[in-house]
Amino acid sequence: YSRKGAMMDNRFATALVIACVLSLISTIYMAASIGTDFWYEYHTLSPAENVSEAGRSIWEEFFSKEADEKTYTDALFRCNGTVGLWRRCITVPKNSHWYSPPETDMTTNCISFSLSDQFMEKYIEPGNHNSGTDLNRTYLWRLQFLLPFVSIGLMCFGALIGLCACACRSLYPAIATGVLHFLAGLCTLGLVGCYVAGIELLHKKLPLPDDVRGEFGWSFCLACVSAPLQFMAAALFIWAARTNRKEFTLLKAYRVA
C-alpha cells in the first residue's frame, strides 16, 4: 500500500508542479502583454513624409489632449504607430523642431489613454460626435480594458487557494484553483476576441491607406499564448484533485474489504 501511495503522490505532485509552472508563465505573459504597446502595429511605406510641415501638424494633433479617435488613428497610420491597451505611440524624427531633410534617426513617442478614454463612447463615424454612439465598438473597447485585469485577478486568487491547499496538505482545493484558471482562460480568450473584433470594426470605419500595412504585434501574441496555458494549467489542477480523490476512495474501500 505504501509503495502504491507513494507512486500516486509522485504522479499528482508532478501534475501540480507542471500546472504551477504553466500558471506562472501565463501570468508573466499576461502581465507583459498588458504593460507593452505592441498589440497592433502600422507600417507606412513612405515615412520620409513625416518630416514635412504636414507631418508636424499630425504630431501636434496626436499629442493634443483634445485628439479624438480619428485624429490619433490617422497619425498612427502615417507615423508607424503602435497601439497597446494603455498607450498609443508614433515614430518621429528626433530633430523635429527645425526643418531639415528626411532623417533616419527616429524615436518613439507615446501618450497614455486616460481612464476616461477607456470608458469613452465610440461614434458611428469616428471623430464625429453627432453621428451617434457605436455600441458594439464602445463595449468591445471597455471589455478589452477590463478582461485582462479580471484574468490576472482570478489567477492570483487561484494561487492563494493553492497555497492554502499546500498548508492543509490536501489536493481538494486544487479543484477550485483549476476552475479559477479555467475562468481566467475564458477571460483572456474573450480579451483576444474583443480586440480583434474592435480592430476589424475600426478599419471598416477608417480603412487603411494604400501605402500602410497593419498587423497584430507581439504583445497581442503573448495574450494569445497565455490563454491555452491557462486552460492546460486548469486541466492539470482539476485532474490531479479529482483523480487523487477517486483513487484514495478506491484504495480506502479496498483496505476495508
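Select T82 to start: with a relative accessibility of 9%, T82 counts as buried, a word that here means under 20% relative accessible area, while exposed means over 50% and partly exposed lies in between (1.4 Å probe, protein chains only). The model you are looking at is predicted, so local features need pLDDT of at least 70 and side-chain atom pairs count only at pLDDT 80 or more, whereas totals for chains, interfaces and linings use all residues. Residues are numbered from 1 along each chain as its sequence is written, and side-chain values use heavy atoms, with hydrogens and water left out.

Keep T82 selected and show its surroundings. T82 belongs to strand β2 (residues 82–83); helices (H or I, at least four residues) and strands (E, at least two) are DSSP runs, numbered from the N terminus. If residues up to four places away in sequence are not counted, T82 touches D37, F38, Y40, E41, L76, R87, R88 and C89, where a contact means heavy atoms within 4.5 Å. One of these, E41, is 41 residues away along the chain, and yet the C-alpha atoms of T82 and E41 are separated by 4.4 Å. Next, find the backbone oxygen of D37, which the side chain of T82 reaches at 3.3 Å; a polar contact is a pair of N or O atoms within 3.5 Å, of which, within protein, one must be able to donate a hydrogen and the other to accept it, and residues adjacent in sequence count only if both atoms are side-chain atoms.

Now select the strand alongside. T82 stands opposite C89 in β3, and β2 and β3 pair in the antiparallel sense over 2 bridges, two strands being paired if DSSP finds at least two bridges between them. These two strands, β2 and β3, form a hairpin with 3 residues between them. Colour β3 by burial and you will find that 6 of its 7 residues are buried.

On to the partner strand β4: 7 bridges join β3 (residues 87–93) to β4, and the two run antiparallel. Among the pairs to pick out are P93 with M106 in β4 and T91 with T108 in β4. Then show the whole open sheet, whose 5 strands have the order β4-β3-β2-β1-β5 with antiparallel pairing. Its edge strands are β4 and β5 (212–216), each of which pairs on one side only.

Is N80 buried, partly exposed or exposed? With a relative accessible area of 22%, N80 is partly exposed. Its phi is near 50°, a positive value in a residue other than glycine. Most residues other than glycine have a negative phi.

The helix α3 comes next. Its N-terminal end is capped by D68, a side-chain oxygen of which lies 3.2 Å from the backbone nitrogen of K70. Within α3, the buried residues are E69, Y72, T73, A75, L76 and F77.

End at the second largest pocket, which holds about 380 Å³ of space. Of the 20 residues that line this pocket, those closest to its centre are A67, D68, Y72, D117 and M120. Both α3 (69–78) and β4 (106–112) supply at least two residues of the lining.

Key. On a 1 Å grid over the protein atoms alone, a cavity is a set of points where a 1.4 Å probe fits but cannot get out, and a pocket is an open set with protein on both sides within 12 Å along at least five of seven lines; lining residues have an atom within 4 Å of a point. Grid points are joined across faces, edges and corners, and a volume is the space filled by probe spheres set on the points.
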